[in-house]
Amino acid sequence: MIDITGLYIHVPFCKRKCPYCDFYSAEPENDRVFDAYVQRLLEEAGGYKDSAVEVDSVYFGGGTPSLFSKRHIDKLICGFKSCFYINDNAEVTVEVNPSSADFNKLVGYRQAGINRISFGIQSSSDSELKVLGRLHNFYEAKNAVRDAAKAGFDNISADIMIALPGQTRDSVKKSVYDIVSLGVNHISCYILKVEENTPYANMDLSLPDDDEAADLYLYMCEILKGCGFVHYEISNFAMPGYESRHNLKYWRAEEYIGLGVSAHSYFKGVRYYNKRNLSDYLKGEDIRVIEDTKIDKAEEYLLLSLRLNEGISVNRYLSLGGKEDILKKADQIGKRYLKIKRDNISLTEEGFLVSNEIISGLL
């Protein structure tokens with residue numbers, strides 16, 4: 001039997017860690033560590049060689065995957081093809097920091113088999129980018145997106161961050177319109193949250209309060225819908241047909257294999273992850289940890305699928321062992337936060353903002 005999965009590759013290297021970021025990353029001492037890391041990724045992939053795996057999405061995330069040269073990406077994709085059957089129509093994404101992109105590199109990525117680019121732009125305001133500790137300005141971001149289009153990419157995503165220190169409706173509006181005007185067909189938008197153990201946690205930041213953040217989020221949703229984007233997941237918007245196929249796997253509880261330090265996997269019904277230790281990973285030590293396999297399938301379905309605008313099927317939820325009174329609970333929560341149509345329950349945009357509370361109320 002062939003297992004159809006997604007493939008995630010974590011590239012943990014950054015020139016400089018952003019002060020708000022809680023993802024595992026490290027500053028490379030030199031480029032030689034890239035070669036060593038690529039070799040370890042291929043060795044890890046080799047462990048799946050006899051598993052009869054078909055891959056229909058590949059995602060290079062980070063960190064800053066665009067620190068890798070075309071040679072690194074080419075070697076990885078060629079190596080993966082010897083371990084997995086990569087579907088001819090697979091979506092192959094690489095996250096790109098505008099500060100580490102140039103036309104020749106993007107051309108090389110396209111030649112290597114990348115067909116989707118995700119740019120970490122965050123804002124069109126240089127002052128906001130500076131507060132975020134980004135290495136690029138908007139002029140560089142704009143050129144990077146245009147270079148990607150010239151290099152042959154027609155599936156381009158951009159990140160936007162809102163609820164930044166001092167941010168206003170006007171600056172959100174400007175960022176959204178500026179980034180949409182670049183011709184991107186997918187946008188991921190994140191509300192800034194100060195995570196523990198990040199530099200931001202030790203700073204006295206003047207952030208919008210929860211009500212102001214909610215207002216900025218709903219305003220952004222309104223603008224993007226007016227530009228033709230479909231709000232298909234809490235933080236994601238796409239022109240029709242350009243939804244992230246790889247990320248949809250996570251929200252639909254489909255299987256995927258994660259490679260690299262700190263990468264997570266869900267394969268053959270088991271969830272596991274690699275520890276956050278680059279040194280041990282490079283040494284080839286066993287850093288895999290199996291997660292608790294006693295998963296409540298109904299609860300997992302509810303938690304993940306309600307992130308999507310398609311919501312949940314009540315019949316499917318019940319067939320997975322869900323609680324019979326879910327429709328009664330949904331009625332009590334009300335139409336402000338939930339849309340209830342026959343067999344389907346989904347969140348409104350206001351519901352997206354308080355999804356954790358709504359889901360708790362349904363469980």
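A nonpolar core is taken here as a set of buried Ala, Val, Leu, Ile, Met, Phe, Trp, Tyr and Cys residues joined through side-chain atoms within 4.5 Å. Buried means under 20% relative accessible area, exposed over 50%, and partly exposed in between (1.4 Å probe, protein chains only). The model is predicted: local features need pLDDT of at least 70, side-chain atom pairs count only at pLDDT 80 or more, and totals for chains, interfaces and linings use all residues. Residues are numbered from 1 along each chain as its sequence is written, and side-chain values use heavy atoms, with hydrogens and water left out.

The largest nonpolar core holds 90 residues. Phe60, Phe68, Phe80, Phe84, Ile114 and Met220 touch the most other members. This core draws at least three residues from each of domain 1 (3-251) and domain 2 (308-362); the domain bounds come from an automatic or database domain assignment. A second, separate core of 8 residues includes Cys21, Leu132, Met161 and Tyr200.

Contact means heavy atoms within 4.5 Å. Neighbours within four places in sequence aside, Phe84 contacts Leu7, Ala45, Tyr48, Val53, Val55 and Ile257.

Helices (H or I, at least four residues) and strands (E, at least two) are DSSP runs, numbered from the N terminus. Axes are lines fitted to C-alpha atoms, for helices over the stretch in contact, and angles run from 0 to 180 degrees between N-to-C directions. Helix H1 (residues 32-46) packs with helix H2 (residues 70-81) at about 10°, their axes 10 Å apart. H1 is therefore roughly parallel to H2 (angles under 35 degrees; over 145 is roughly antiparallel, 65 to 115 roughly perpendicular and the rest oblique). H1 contributes Phe34, Asp35, Val38, Gln39, Leu41, Leu42 and Ala45 to the contact. H2 supplies Arg71, His72, Lys75, Leu76, Gly79 and Phe80. These residues divide into 7 nonpolar, 3 polar and 3 charged.

Leu347 lies in strand S15 (residues 344-347). Leu347 counts as buried because its relative accessibility is 1%. Its C-alpha atom is 9.1 Å from that of Ile234, 113 residues apart along the chain. Beyond neighbours within four places in sequence, Leu347 contacts Leu306, Tyr337, Leu338, Lys339, Phe352, Ser355 and Ile358.

His186 is found in strand S6 (residues 186-191). His186 is also buried, with a relative accessible area of 1%. His186 and Pro240 are 54 residues apart in sequence, with 9.3 Å between their C-alpha atoms. Neighbours within four places in sequence aside, the contacts of His186 include Arg116, Ile156, Phe229, Tyr232, Asn236 and Glu243.

Definitions and conventions:
Ala, Val, Leu, Ile, Met, Phe, Trp, Tyr, Cys and Pro count as nonpolar, Asp, Glu, Lys and Arg as charged, and the others, Gly among them, as polar.
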